[in-house]
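These are my notebook entries on a single structure. I set down what I looked up, topic by topic.

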Amino acid sequence: MAKRKKENLLLGDLLQDFIKENKLDRGIDGVDARAAWKNLMGPGVNNYTTSVELRATTLFVSLSSSVLREELSHGNSKIIKMINEDLGKEVVKKLVLR
């Protein structure tokens with residue numbers, strides 16, 4: 001068991017240390033990217049979204065509507081920028097709509 005430290009630490013700082021020590025950043029980024037997509041795109045797009053998956057720096061989004069897929073492909077770079085701003089760091093570099 002780890003040795004107890006005497007100084008008081010913030011829970012947020014402890015969680016960040018735990019995440020970094022156990023290399024959980026990528027998994028948490030994936031969950032955050034899914035949540036960002038859901039929040040930013042709204043219920044209209046979410047009704048046609050079947051899956052959102054982050055692999056490395058590419059966000060794969062499966063849509064059930066080919067028309068919506070075509071419309072969103074025109075704003076690819078804007079969507080990437082909005083997601084990264086929502087996450088507070090550059091996680092997504094490429095967006096693949098399928």
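This is a predicted model: local features need pLDDT of at least 70, side-chain atom pairs count only at pLDDT 80 or more; totals for chains, interfaces and linings use all residues.

**Entry 1**

Residues are numbered from 1 along each chain as its sequence is written, and side-chain values use heavy atoms, with hydrogens and water left out.

I then looked for the partner of Glu53. Its side chain meets that of Arg55 in a salt bridge, at 3.0 Å from N to O. I took a salt bridge to be a side-chain nitrogen of Lys or Arg within 4 Å of a carboxyl oxygen of Asp or Glu. Arg55 is partly exposed as well, with a relative accessible area of 39%.

Arg55 has a second contact to record: it lies over the face of Phe60, 4.4 Å from the ring centre. The rule I applied asks for NZ of Lys or CZ of Arg within 6 Å of the ring centre and within 35 degrees of the ring normal.

**Entry 1: The other salt bridges**

How many salt bridges does the count come to? I recorded 3.

Arg26 and Asp29 form one of them, at 3.7 Å from N to O. Both residues lie in helix H2 (residues 25-46), 3 residues apart, which is about one turn of the helix. Helices here are DSSP runs of H or I with at least four residues, strands are runs of E with at least two, and both are numbered from the N terminus.

I checked the cover of each partner. Arg26 is partly exposed at 41% relative accessible area, whereas Asp29 is buried at 8%.

Asp29 also forms a salt bridge with Lys89, with the closest N and O atoms 3.1 Å apart. Lys89 lies in the loop between helix H4 (76-87) and strand S3 (94-97) and Asp29 in helix H2, so this pair ties together parts that are 60 residues apart in sequence. Lys89 is partly exposed, with a relative accessible area of 43%.

I returned to the Glu53 and Arg55 bridge of 3.0 Å before looking for shared partners. Salt bridges that share partners join Arg26, Asp29 and Lys89 into one network.

**Entry 2: The nonpolar core**

Which members of the largest nonpolar core touch the most other members? Of its 19 residues, I listed Trp37, Leu59, Val61, Leu72 and Leu95. Such a core is a set of buried Ala, Val, Leu, Ile, Met, Phe, Trp, Tyr and Cys residues joined through side-chain atoms within 4.5 Å.

I next asked which elements supply it. At least two residues come from each of H2, strand S1 (49-55), strand S2 (58-63), H3, H4 and S3. H2 gives the most, with 5 residues. As general background, nonpolar side chains tend to be buried together in soluble globular proteins.

Leu9, Leu11, Leu14 and Leu15 make a nonpolar patch of about 380 Å². Nonpolar patches are built from Val, Leu, Ile, Met, Phe, Trp and Tyr residues with over 30% relative accessible area and no salt bridge, joined within 5 Å. The areas come from the Shrake-Rupley method with a 1.4 Å probe, and for residues only the protein chains shown count as cover.

Leu11 counts as exposed because its relative accessibility is 61%.

**Entry 3: Positive phi in two loops**

I looked up two residues other than glycine with positive phi. Lys23, in the loop between H1 and H2, has phi near 55°. Lys23 counts as exposed at 73% relative accessibility.

Ala56 is found in the loop between S1 and S2, and its phi is also near 55°. At 56% relative accessibility, Ala56 counts as exposed.

Methods:
Patches are made of residues with over 30% relative accessible area and no salt bridge: like charges are joined within 9 Å, nonpolar side chains (Val, Leu, Ile, Met, Phe, Trp, Tyr) within 5 Å. Buried means under 20% relative accessible area, exposed over 50%, partly exposed in between (1.4 Å probe, protein chains only).
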